[in-house]
Amino acid sequence: QVQLVESGGGLVQPGGSLRLSCVSPGTKFSFYSMGWYRQTPGEQRELVAEINSAGLTKYAESVKGRFTISRNSTENMVDLQMNSLKFEDTADYYCNARGMTITARSYNYWGRGTRVTVSS
């Protein structure tokens, strides 16, 4: 059973920073892509950032220049450094891992989420 475990959420003032981390303990294969999504009540979950096994990254326009995603592929760990946080970054953040196994089975795993609240 693949698990994604997030940590690092919390309350921060506007302009502050937080670092989210996600690990997948016990997973015996390397995920193709790992990333972070976020969701607010009544809204669809949206991509924040993702990074693939080659190190290629993709960011939402709203976070470019403020957030940085990094990854340890060997350990199936992914971090999201969030700087210059804004009120609108408040959301539940979810770790994601997706790809296809060598037997051509696709997978798409989610963590349970960690809450980020930006408030003064």
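Predicted model: local features only at pLDDT ≥ 70, side-chain atom pairs only at ≥ 80, totals over all residues.
Me: How many disulfides in the whole structure?
Reply: One. Cys 22 and Cys 95 form a disulfide, with sulfur atoms 2.1 Å apart. The cut-off for a disulfide is a pair of cysteine sulfur atoms within 2.5 Å.

Me: Where do Cys 22 and Cys 95 lie?
Reply: Cys 22 is in strand E3 and Cys 95 in strand E9, so the pair ties together parts 73 residues apart in sequence. Strands (E, at least two residues) and helices (H or I, at least four) are DSSP runs, numbered from the N terminus.

Me: Are Cys 22 and Cys 95 buried or exposed?
Reply: Both are buried. Buried means under 20% relative accessible area, exposed over 50%, and partly exposed in between, using a 1.4 Å probe and protein chains only.

Me: Which hand does the disulfide have, and why?
Reply: Left-handed, because the torsion about the S-S bond of Cys 22 and Cys 95 is about -85 degrees.

Me: Switching to salt bridges. How many does a search of the whole structure find?
Reply: Seven. A salt bridge here is a side-chain nitrogen of Lys or Arg within 4 Å of a carboxyl oxygen of Asp or Glu.

Me: Which residues are linked in a network of salt bridges?
Reply: Arg 38, Glu 46, Arg 66 and Asp 89. Glu 46 meets Arg 38 at 2.8 Å, N to O. Arg 38 also has a salt bridge with Asp 89, where the closest N and O atoms are 2.9 Å apart.

Me: Where do Arg 38 and Asp 89 sit?
Reply: Arg 38 lies in strand E4 (residues 33-39), and Asp 89 lies in the loop between strand E8 (77-82) and strand E9 (91-100). So the pair ties together parts that are 51 residues apart in sequence. Both Arg 38 and Asp 89 are buried.

Me: And Glu 46, how accessible is that one?
Reply: Glu 46 is partly exposed, at 37% relative accessible area. Arg 38 has 6% relative accessibility.

Me: What does Glu 50 form a salt bridge with?
Reply: Arg 98, with the closest N and O atoms 3.3 Å apart. Glu 50 is in strand E5 (residues 46-52) and Arg 98 in strand E9, 48 residues apart. Glu 50 counts as buried at 12% relative accessibility. Arg 98 is partly exposed at 30%.

Me: Now the core. Which residues have the most contacts inside the largest one?
Reply: Trp 36, Leu 80, Met 82 and Tyr 93, in a nonpolar core of 27 residues. Such a core is a set of buried Ala, Val, Leu, Ile, Met, Phe, Trp, Tyr and Cys residues joined through side-chain atoms within 4.5 Å. E9 gives the most to this core, with four residues.

Me: What is Tyr 93 in contact with?
Reply: Leaving aside neighbours within four places in sequence, the contacts of Tyr 93 include Trp 36, Arg 38, Leu 80 and Met 82. Contact means heavy atoms within 4.5 Å.

Me: Sheets next. What is the strand order in the open sheet of four strands?
Reply: E1-E3-E8-E7, with antiparallel pairing. Two strands pair if DSSP finds at least two bridges between them.

Me: Which strands stand at the edges?
Reply: Strand E1 (5-7) and strand E7 (67-72). Each has a single partner strand, so one side of each is left without a neighbour in the sheet.

Me: How many bridges between E7 and E8?
Reply: Six, in the antiparallel sense. Arg 71 has Val 78 in E8 as its bridge partner.

Me: What about E11, which strand runs parallel to it?
Reply: Strand E2 (residues 10-12), joined to E11 by three bridges. Gly 10 has Val 116 in E11 as its bridge partner. E9 pairs with E11 in the antiparallel sense, also over three bridges. There, Asp 92 stands opposite Arg 115 in E11.

Me: Which residues make up the covered face of E11?
Reply: Thr 114, Val 116 and Val 118. Arg 115 and Thr 117 are on the uncovered face.

Technical notes: Residues numbered from 1 in each chain as written. Heavy atoms only, no water.
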